[in-house]
Amino acid sequence: MAATPTTVDLIRHGQPLGGSRFRGRLDDPLSDAGWQDMRRALGQGTRWTAVVSSPLLRCADFARDHARRLGVPLELEPRFAELGFGDWEGCQHADLRASDGERLRAFWADPEHNPPPGGEPLLQFRDRVQAAWADLLAEHAGGHVLVVAHAGVIRILVMQVLGMPLERYYR
């Protein structure tokens, strides 16, 4: 007899307060628009068995509220936190293009070999996200889980599931 499949839905946090910038580990909460967008995106019909979230406020606040509304367990998973951008944390993209454009272009072209100054190496980020994913699948086997995370985390998970090489991270 076949095992019940595990279903995982991924959603990126909505717009945080503070506008568009390299946020990484900064702990900005969601804006009102971010809350509305996430509620609209999820709707009311899905029956999750658990919600797993990054502990950063822009994910965790919504995940906590949504899990409470559904009456399902919430797990905050630190390994689903966003890539750490080091010295670039809080910087706007345009400002970095002006002040550190060459290094920024190198990062976009090959993030594995050109991490942000003081930032988390991409291989380390990949390894921690993949370890959290393996644990999630083992712990929630046969369930239907909502993961509330960041763009970088979702990129790593999609790449893993599709068997894509890390060099395609920003492509």
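Q: Why is H150 called buried?
A: H150 has a relative accessible area of 0%. Buried means under 20% relative accessible area, exposed means over 50%, and partly exposed sits in between (1.4 Å probe, protein chains only). So H150, at 0%, counts as buried. One thing to keep in mind: this is a predicted model, where local features need pLDDT of at least 70 and side-chain atom pairs count only at pLDDT 80 or more, while totals for chains, interfaces and linings use all residues. Residues are numbered from 1 along each chain as its sequence is written, and side-chain values use heavy atoms, with hydrogens and water left out.

Q: Where does H150 lie, and what does H150 touch?
A: H150 is in the loop between β4 (144-149) and α5. Helices (H or I, at least four residues) and strands (E, at least two) are DSSP runs, numbered from the N terminus. Contact means heavy atoms within 4.5 Å. Leaving aside residues up to four places away in sequence, H150 touches R12, H13, S54, L56, R58, C59, F80, A81 and E82.

Q: What makes A138 exposed?
A: The relative accessible area of A138 is 61%, and the cut-off for exposed is over 50%, so A138 is exposed. A138 belongs to helix α4.

Q: How do you know that β1 and β4 pair?
A: Two strands pair if DSSP finds at least two bridges between them. Strand β1 (residues 7-12) and β4 have six bridges, in the parallel sense, so they pair by that rule. D9 stands opposite L146 in β4.

Q: What makes β2 a partner of both β4 and β3?
A: Four bridges join β2 (residues 50-53) to β4, and the two run parallel. V51 stands opposite L146 in β4, and V52 stands opposite V147 in β4. Three bridges join β2 to β3 (residues 74-76), again running parallel, with L74 as the bridge partner of V51 in β3.

Q: Why are both faces of β2 called covered?
A: A50 and V52 on one side are buried, as are V51 and S53 on the other. As for β4, five of its six residues are buried, and that strand is mostly covered.

Q: What makes a set of residues a nonpolar core, and how many residues does the largest one have?
A: The label goes to buried Ala, Val, Leu, Ile, Met, Phe, Trp, Tyr and Cys residues joined through side-chain atoms within 4.5 Å. The largest has 25 residues, and those with the most contacts inside it are F80, W88, F125, V129, V147 and V153. At least two residues each come from α3, α4 (122-139), β4 and α5, and α4 gives the largest share, six residues. Apart from this core lies another, of 14 residues, among them I11, M38, F62 and A63.
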